Amino acid sequence: MLAYRHAFHAGNHADVLKHTVLTLVLRYMNQKDKPYRLVDTHAGAGGYSLEGRYAQKKGEFEQGIARLWDRDDLPEAVADYVSLVRAFNSDGPLKQYPGSPAFAQMLLREKDQLRLFELHNTDHRILETYLGKERGVQVMNSDGFEGLKGQVPPSSRRGVVLMDPSYEGHGDYGKVVASLRDALTRFAEGVYMVWYPQVSKVEAAQLPRRLEALAPKGWLHARLTVQVPDSQGFGLAGSGVFILNPPYTLHDELLNVLPYLVDVLGQYDDAEYLLEQRAS
Ligand SMILES: C[S@@+](CC[C@H](N)C(=O)[O-])C[C@H]1O[C@@H](n2cnc3c(N)ncnc32)[C@H](O)[C@@H]1O
């Protein structure tokens with residue numbers, strides 16, 4: 001039984017980091033004419049109301065997208081991300097937040113393919129209603145770690161995988177590593193983007209180094225720490241994205257983005273970012 005619902009967290013600081021990086025990766029992929037496939041192994045519901053009781057309960061978006069909404073000094077990549085959130089709110093005010101499938105839907109071209117896995121029955125139903133009939137899109141109500149095997153390599157041999165689990169139990173950390181190891185044997189040149197939470201768990205702290213060991217052809221790791229964990233060390237201090245085979249442009253683009261996000265999203269004086277890479 002899955003307890004996690006992304007609706008509680010939509011638009012928070014972690015979504016800002018993840019979706020800004022996803023936007024940069026997909027813009028890079030769009031520079032070449034050849035079609036590609038995006039596999040979103042943990043897709044969520046696709047889009048979220050920020051006025052609904054889930055988002056309002058914790059108000060996490062107030063410390064995320066809402067802090068960027070009215071800024072007039074956004075770096076180019078953050079402005080691009082915010083413009084997509086604006087496009088998702090065609091009435092004007094910030095009322096809804098796009099999930100990764102909605103960002104994909106806005107960025108992919110007609111010839112590209114979108115493969116979405118979502119295990120939670122309710123979120124799957126919402127996602128299926130939203131995107132299930134769209135051209136080039138397939139929505140699966142099954143395990144994304146397992147399903148990835150059947151999705152790589154894409155016939156065009158261009159592809160991106162977003163792996164964004166809920167890390168509800170400890171098992172997801174090991175499954176991320178195992179499923180990527182398997183996917184790399186099938187499709188070594190794919191771009192693989194993993195999101196992870198910065199929480200007080202040894203598995204979370206070890207994940208970047210375990211992913212590094214899988215990536216013979218280069219990787220990039222970006223982390224944004226915005227708040228102090230509570231007194232017992234719990235809570236989401238920040239989050240990271242780890243990319244295997246990243247676009248070569250990504251490091252320099254994030255050099256502008258991350259210090260800005262620390263300034264605007266940081267909730268304490270020691271908020272910070274980390275940006276490291278090993279180029280191929
Ligand atoms: C962090 S949320 C995804 C958010 C989404 N990627 C976005 O950026 O908008 C994780 C989602 O994974 C779903 N999930 C959990 N385990 C899964 C699995 N093994 N396969 C597919 N989906 C799973 C959860 O129900 C949840 O909706």
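These are my notebook entries on a predicted model.

**Ground rules.** I number residues from 1 along each chain as its sequence is written, and side-chain values use heavy atoms, with hydrogens and water left out. Local features need pLDDT of at least 70 and side-chain atom pairs pLDDT 80 or more, while totals for chains, interfaces and linings use all residues.

**Helix 8.** I took helices (H or I, at least four residues) and strands (E, at least two) as DSSP runs, numbered from the N terminus. Helix 8 covers residues 171-186. Next I looked up burial: buried is under 20% relative accessible area, exposed over 50%, partly exposed in between (1.4 Å probe, protein chains only). D172, Y173, V176, V177, S179, L180, A183 and L184 are buried in this helix. I recall that an α-helix has 3.6 residues a turn, so residues three or four places apart point the same way. For the cover I used contact (heavy atoms within 4.5 Å). The cover of those buried residues includes helix 7, strand 6, strand 7, helix 9 and strand 9.

**Aromatic pairs.** I paired rings of Phe, Tyr and Trp (its six-membered ring) with centres within 6.5 Å; planes under 30 degrees apart are stacked, over 60 edge-to-face, the rest tilted. I get six aromatic pairs. Y167 and Y173 have ring centres 4.5 Å apart and planes at 35°, so I log this pair as tilted. Both Y167 and Y173 are buried. W219 and F242 are stacked, at 5.4 Å centre to centre and 20° between the planes. W219 is in strand 8 and F242 in strand 9, so this pair ties together parts 23 residues apart in sequence. W219 and F242 are buried too. I also found one aromatic cluster formed by Y81, Y97 and F103.

**Charges over rings.** My test was NZ of Lys or CZ of Arg within 6 Å of the ring centre and within 35 degrees of the ring normal. K18 has its charged end over the ring of W195, 5.6 Å from the centre. R86 lies over the face of W69, 4.0 Å from the ring centre.

**Backbone.** I checked the loop between helix 7 and strand 6, where P153 is placed. The V152 to P153 peptide bond is cis, with omega near 0°. R157 is found in that loop. R157 is not a glycine, yet has a positive phi of about 55°. I read R157 as partly exposed, at 41% relative accessible area. N245 lies in the loop between strand 9 and helix 10. N245 also has a positive phi, about 60°, and is not a glycine. At 14% relative accessibility, N245 counts as buried.

Technical notes: Expected span 1.5 Å × (residues − 1).
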